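Take a walk through this model, one part at a time. Keep the sequence at hand as you go.

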Amino acid sequence: MTMLDRMRRHKNWLKWSLALVVLTFVVFYIPDFLSSTDAVGGTAVSGRVARVGSRDISGTDFRNRYQLQLQAYSNAYGGNLTDQMLRQLQIEQQILQQMIEERVQLAEADRLGLSVTDEEVRGRILSMPGLQENGQFIGEARYRELLRVQRPPLTPRQFEDQIRNALVLEKLRATLTGWISLTDQELQQEYRRRNEKVKLQIVSLPISGFDSQVTVSESEMTSAFESGKEKYRIPERRKIRYMLLDLETARAKSTVTDAEIQAEYNRRSPEYTTQEEIRASHILLRTEGKNEEEVRATAEDVLKQARAGADFAGLAKKYSDDDANRDQGGDLDFFTRGRMVPEFEDVAFKLTPGQISDLVKTQYGFHIIKLVDKKPGSVKPLSEVRQQIMEQLRADAAAQQLGQLAQRLEGEIRTKADLERSAKSQGLAIQESGFFGRNDLVPGLGLAPAVADRAFQMGDNDVSGAVRASRGEVFFVLAGKEAAHLPKLDEVKDRVRADIVKQKAGELAKQKATELATALQTAPDFVKAAKTAGFETQTTELVARDSVLPTLGVSPAADKAAFSLPVGGVSGPVASESAYGVIKVVERQEMKPEEFNSAKPTFRDEILNERRGRFFASYMERARQKIRIDVNQEAVQRAIS
């Protein structure tokens, strides 16, 4: 899985819960938020990017949120995060939807009469770990200073409004979902469903493997089309005439000096630096609530035993007061500087592997440290990352150049004639896309949801202004509209034929799987009988329900058969989206009651949160449909330029 794939998976954050999570970003991530003076940059952006009911989303608020999200991605992915990835992920559209969802939820909270008092806001702020020191609030002066050094700076009023909104949304969620409960029987059934596992032997017959055996006549296509026309209805479509300020062309022309590469390497040096790591074990004898001298005496005795050759892990298990690692013999695994208290680190990093320290006094008590291993730090040389840095700088330069050009051209392009003139002056061609739907790729531009969205908002004589697409900045006018309509057969002939082929191939696959299942159910050797019939068998590891099965994929029918058959049982034909198959249960792992009893408290919370989350998402989707939402995509693009 590529990094971009992993980031795409992160889009799952942007569903029902993300509005709350992002709104309260500073609440849950306050230590990082308050320790970084570079979390958000940029200047104020005027204008409104969207209106949700009576609530506006300003360009400034949108840009600040956008840059917070970029910072979060940058912290997670470092120098591997590129402008191209951001364009493909359409981060700005994700952020916009987050902010819209927040305002929908706040509107619903207002409708339900939910509010938060000043005292509740104050209580939350005073209890936030990032605003405490030694268990006490850091004080009004430091609180204001920490808000002031943010980028952009926050006033106490702004910060407290964010906390107030967060608390309102917590109340909204609790009000709407607090009634949802879970019986012990339901919990046990769900735990069993998720934790029972089976090991399977699978013979699969891909449906596509039967395509070549299918013939489709003209009369069959006509009949299928006439009986299911609505399935092939073509939605409203539009096409555009556009001028593209191509990012790749600009990148190819951009140049980067050795000095710029060196400066960027120096700036990003932490990304290329691997810190020194050590692995240590320790024995902790706590002093809190005890006579310190008595604890010291015990610690010195344990130290003597360790230096005399006693098993260090055994001593840790016997004497250590550190519950987190005592049962592991005091093993702390590998760690870098900054992870432990200074007194501990100062000693641990000076030891050599195998060496045992003197007693080390910290706020927790007396430690005896044994160094197990050491990994020296390293720095990637410039030669190793030079190409990566150069490409990123060229991409950045190209994006900046195009952004500046697009901003200048926006002031010049007001009419179709202006667009033609501007294209000519820039030496660019005006191109025409084919027709596309609101959620389609734009022919010639590819992934460009902002372009498609703007095209469906435009009137006949409108000019788009600069709109960002994956390939660069785009100016366009409408070139044609096509109303939603039922097509003629010729327009969708390929789709109709493909549907018939898939249906017939599926019937052939099912017929063959039925014959094969009959033979395998009575065969003494499943694998050998399948091979005789011309099929290979694949064997899984122990798998739970909803797992992706080899060549079958996710198959509810296979799950149902696998978890109802006894060990040694063979199924009839089971279907998935792309194949039919026959399975044999080789091994079964039942739910263990003791494991369920141990996991019960946390598992109950997990399942309740899932159920409440689904209900909340469904409820808010209905609430959203009742609120008018207007989006200004041009303002969105200006805000992130």
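Helix α15 spans residues 292-307. It lies across β8, β10 and β11. Its direction makes an angle of about 35° with β11. Helix α16, residues 312-319, lies across β8 and β11. It runs at about 40° to β8. This is a predicted model.

Now look at the strands themselves. They belong to an open sheet of 4 strands, in the order β9-β8-β11-β10. The pairing is antiparallel. Strands β9 (331-335) and β10 (360-362) stand at the edges. Each has a single partner strand, so one side of each is left without a neighbour in the sheet. On average, neighbouring strands are turned by 40° against each other, direction ignored.

Strand β8 covers residues 277-286, and β11 covers residues 365-375. The two run antiparallel, joined by 10 bridges. Leucine 285 has its bridge partner in β11: phenylalanine 366.

Next, find serine 464. It sits in the loop between α20 (449-455) and β14 (467-469). Is serine 464 buried or exposed? Its relative accessible area is 0%, so serine 464 is buried. A polar atom of its side chain lies 2.9 Å from the backbone nitrogen of phenylalanine 476. Leaving aside residues up to four places away in sequence, serine 464 touches Arg454, Met458, Val474, Phe475, Phe476 and Glu634.

Turn to the aromatic rings. How many aromatic pairs does the structure hold? There are 12. One of them joins tyrosine 191 and phenylalanine 603. The ring centres are 5.1 Å apart and the planes stand at 90°, so this pair is edge-to-face. Tyrosine 191 lies in helix α11 (residues 184-195), and phenylalanine 603 lies in helix α24 (residues 593-625). The pair therefore ties together parts that are 412 residues apart in sequence. Both tyrosine 191 and phenylalanine 603 are buried.

Phenylalanine 436 and phenylalanine 456 also form an edge-to-face pair. Their centres are 6.3 Å apart, with 70° between the planes. Phenylalanine 436 lies in the loop between β13 (431-432) and α20, and phenylalanine 456 in the loop between α20 and β14. This pair therefore ties together parts 20 residues apart in sequence. Phenylalanine 436 and phenylalanine 456 are both buried. Elsewhere, Phe137, Tyr143 and Phe159 form one aromatic cluster.

Charges meet rings too. Arginine 173 lies over the face of phenylalanine 616, 5.8 Å from the ring centre. The charged end of arginine 545 sits over the ring of phenylalanine 563, at 4.0 Å from its centre.

Note on methods. Residues are numbered from 1 along each chain as its sequence is written. This is a predicted model: local features need pLDDT of at least 70, side-chain atom pairs count only at pLDDT 80 or more; totals for chains, interfaces and linings use all residues. Side-chain values use heavy atoms; hydrogens and water are left out. Two strands pair if DSSP finds at least two bridges between them. Axes are lines fitted to C-alpha atoms, for helices over the stretch in contact, and angles run from 0 to 180 degrees between N-to-C directions. Contact means heavy atoms within 4.5 Å. Buried means under 20% relative accessible area, exposed over 50%, partly exposed in between (1.4 Å probe, protein chains only). A polar contact is a pair of N or O atoms within 3.5 Å; within protein, one must be able to donate a hydrogen and the other to accept it, and residues adjacent in sequence count only if both atoms are side-chain atoms. Rings of Phe, Tyr and Trp (its six-membered ring) pair if their centres lie within 6.5 Å; planes under 30 degrees apart count as stacked, over 60 as edge-to-face and the rest as tilted. A charge sits over a ring if NZ of Lys or CZ of Arg is within 6 Å of the ring centre and within 35 degrees of the ring normal.
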